[in-house]
Each structure stands twice: as C-alpha cells, then as structure tokens.
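Subject: Structure handover

Hello,

Here is the structure I said I would pass on. My notes come after it.

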Amino acid sequence: MARKSIILYDLKSKKTKEKTDITRKLFGFKDESNNGNYTYEREGLLKNIKHQKCNKVAILINSEDEAKVSKILRKFGLKVLITRLPE
C-alpha cells in the first residue's frame with residue numbers, strides 16, 4: 001500500500017474568478033455549448049495523478065506525487081502545506 005499525503009492550499013488571497021479558474025484547471029470541468037446540446041469534458045492538470053478531493057482546499061494523493069502537485073499549485077501562486085499520513 002502506498003503512503004498517502006494530504007495537500008492543503010490557500011485560496012483566501014484570490015478573487016472569486018481566480019478561485020474558479022484555478023479549480024477548473026486543477027480538476028477539470030464539464031463545458032456545455034449551444035444551450036446544452038453539446039457537452040465536453042475538459043480535463044484538469046491532475047488527470048494523470050491519482051487523487052481524491054477532500055474539500056475545497058484539500059487533496060489526498062500518493063506521497064510519491066506530492067512534488068508534482070505542489071509544483072502545479074505553486075505555479076498559481078498558492079501557499080501549500082503537505083502532511084504525510086502514517087501507514
């Protein structure tokens with residue numbers, strides 16, 4: 001069993017539009033066009049990293065991927081706190 005880490009990130013200093021943009025870029029979203037006739041799945045940056053979104057500002061991941069995820073979050077100018085869970 002792989003070790004797990006919880007990554008917490010801070011969105012307090014961001015405006016509402018920035019928060020939405022960051023969340024969409026990380027996790028992806030459904031995009032509808034032509035009054036809902038067409039639906040597109042937009043993939044996020046975390047698509048290739050096994051993760052679980054715990055709440056608005058916490059992600060549970062394998063410890064081996066924490067460097068990749070923290071690098072992505074820091075590119076958005078977010079403060080990041082990583083906690084490794086005991087096995």
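Please keep in mind that the model is predicted.

Helix 2

Helix 2 runs over residues 66-75, and its buried residues are Glu-66, Val-69, Ser-70, Ile-72 and Leu-73. These sit on the same side of helix 2 because the arc they cover around the axis is only 155 degrees. What do they pack against? The partners of the buried residues of helix 2 are strand 1 (4-10), helix 1 (16-27), strand 5 (58-62) and strand 6 (79-84). On the face turned away from the buried side, helix 2 carries Ala-67, Lys-71 and Lys-75, which are exposed.

Helix 1

Helix 1 has 12 residues, so at 1.5 Å a residue it should span 16 Å; the C-alpha atoms at its ends are 17 Å apart, which agrees.

Phe-76

Phe-76 is in the loop between helix 2 and strand 6. Which residues does Phe-76 contact, leaving aside its neighbours within four places in sequence? They are Lys-14, Ile-22, Lys-25, Leu-26 and Leu-45. Between Phe-76 and Asp-21 there are 10.0 Å in space, C-alpha to C-alpha, while in sequence the two are 55 residues apart.

Regards

Note on methods: Residues numbered from 1 in each chain as written. Predicted model: local features only at pLDDT ≥ 70, side-chain atom pairs only at ≥ 80, totals over all residues. Heavy atoms only, no water. Buried < 20%, exposed > 50% of the residue type's maximum accessible area, 1.4 Å probe, protein only. Helix = DSSP H or I, 4+ residues; strand = E, 2+ residues; numbered from the N terminus. Arc of directions from axis to C-beta. Contact = heavy atoms within 4.5 Å. Expected span 1.5 Å × (residues − 1).
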